[in-house]
Amino acid sequence: MRRGLFVSVEGGEGAGKSSVIAAARATLDARGIPHRMTREPGGTPLAEALRALVLDPAHAGLTREAEVLMMFAARAQHVAEVIRPTLEAGSWVLSDRYTDASFAYQGGGRGVPVAALDWLEAFATHGLRPDRTILLDVDVDEGRRRVAGRGGDRDRMEQEDDDFFERVRRAYLARAAADPGRFRIIDAARPLERVVADVVAELASLADRWR
Ligand code: Z5A
């Protein structure tokens with residue numbers, strides 16, 4: 001059986017991942033491509049429990065070491081239980097964030113050394129990388145304005161300051177520049193319809209080549 005494609009969607013706050021993922025799903029449905037949507041941290045009962053812990057503002061004193069280990073513990077379970085079996089069964093996996101988020105948030109944002117992240121990535125995922133990563137890029141001010149407009153409580157990560165999110169954005173862009181074959185950077189500062197149209201076009205072209 002033909003292996004499914006693994007696509008991740010990444011971006012900083014307010015980049016529009018949720019809206020884009022809904023459109024991506026509709027694109028794959030319309031083409032009859034079997035797929036599973038998932039997210040990180042999360043995607044399995046254990047990983048969702050870790051997500052709740054790691055994003056809970058009550059754990060303000062969580063160390064960066066503990067934080068990165070929780071992200072990768074959740075990911076190891078997610079890869080073993082959901083992502084790899086789904087791909088092997090011939091379905092696509094569309095994940096709202098994956099390992100690049102750890103390089104951006106824990107690496108860029110928190111200063112966890114890249115060598116540690118490289119080791120954790122290899123250990124937790126056994127080298128499973130997305131076939132395509134769509135990076136929605138928007139400047140920090142605009143992204144934060146959008147999230148503020150959405151209302152609701154802010155989780156532990158969202159409570160970080162602008163400098164943190166600037167470092168996250170730079171780390172994402174550096175990672176994309178280092179792996180242009182895998183990444184597609186989409187300018188998410190434009191109106192949502194245009195962002196969605198680019199993502200739909202990218203997935204449609206991937207789907208046509210996969211068939
Ligand atoms: N995290 C980590 O640190 N390390 C890791 O390894 C992983 C994750 C995997 C939870 O992720 C947190 O975990 C996240 C990174 C960290 N922390 N932060 N911050 P998440 O993905 O669940 O949470 P999130 O980044 O906060 O996602 P989000 O809030 O769902 O973002 P979004 O999906 O990009 O936003 P949205 O809801 O689609 O858009 C926000 C608002 O902007 C909404 O009202 C939209 O209508 C509006 N919007 C979106 N696009 C546009 C455009 N183009 N124009 C105008 N308005 C727009």
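This is a predicted model: local features need pLDDT of at least 70, side-chain atom pairs count only at pLDDT 80 or more; totals for chains, interfaces and linings use all residues.

Biologist: Okay, and which side chains put a polar atom by a nitrogen atom of the ligand?

Modeller: The cut-off for a polar contact is 3.5 Å between N or O atoms. Arg146 makes it with a polar side-chain atom 3.4 Å from a ligand nitrogen. The other one, at 2.8 Å from a nitrogen atom of the ligand, is Gln106.

Biologist: How much of the ligand's area does the protein bury?

Modeller: Start with the ligand taken alone, which exposes 1,100 Å². The space it takes is the largest pocket. Of that exposed area, the protein buries 85%.

Biologist: Which helix gives the most to the shell around the ligand?

Modeller: There are 28 residues around the ligand, with Lys17, Ser18, Arg51, Arg97 and Ser102 coming nearest. By class, the shell has eleven nonpolar, six polar and eleven charged residues. Helices α1, α2, α3, α4 and α6 each supply at least two of the shell residues. The top contributor, with four residues, is α4.

Biologist: Now the aromatics: what kind of pair do Trp92 and Trp210 make?

Modeller: The structure holds seven aromatic pairs. This one links distant parts of the chain, with Trp92 in strand β3 and Trp210 in helix α8, 118 residues apart. Their ring centres are 5.6 Å apart and the planes meet at 90°, so the pair is edge-to-face.

Terms used
Residues are numbered from 1 along each chain as its sequence is written. Side-chain values use heavy atoms; hydrogens and water are left out. A residue is near a molecule or strand if one of its heavy atoms lies within 4 Å of it. A polar contact is a pair of N or O atoms within 3.5 Å; within protein, one must be able to donate a hydrogen and the other to accept it, and residues adjacent in sequence count only if both atoms are side-chain atoms. Accessible areas come from the Shrake-Rupley method with a 1.4 Å probe; for residues, only the protein chains shown count as cover. On a 1 Å grid over the protein atoms alone, a cavity is a set of points where a 1.4 Å probe fits but cannot get out, and a pocket is an open set with protein on both sides within 12 Å along at least five of seven lines; lining residues have an atom within 4 Å of a point. A molecule sits in a cavity or pocket if more than half of its atoms lie within 2 Å of its grid points. Ala, Val, Leu, Ile, Met, Phe, Trp, Tyr, Cys and Pro count as nonpolar, Asp, Glu, Lys and Arg as charged, and the others, Gly among them, as polar. Rings of Phe, Tyr and Trp (its six-membered ring) pair if their centres lie within 6.5 Å; planes under 30 degrees apart count as stacked, over 60 as edge-to-face and the rest as tilted.
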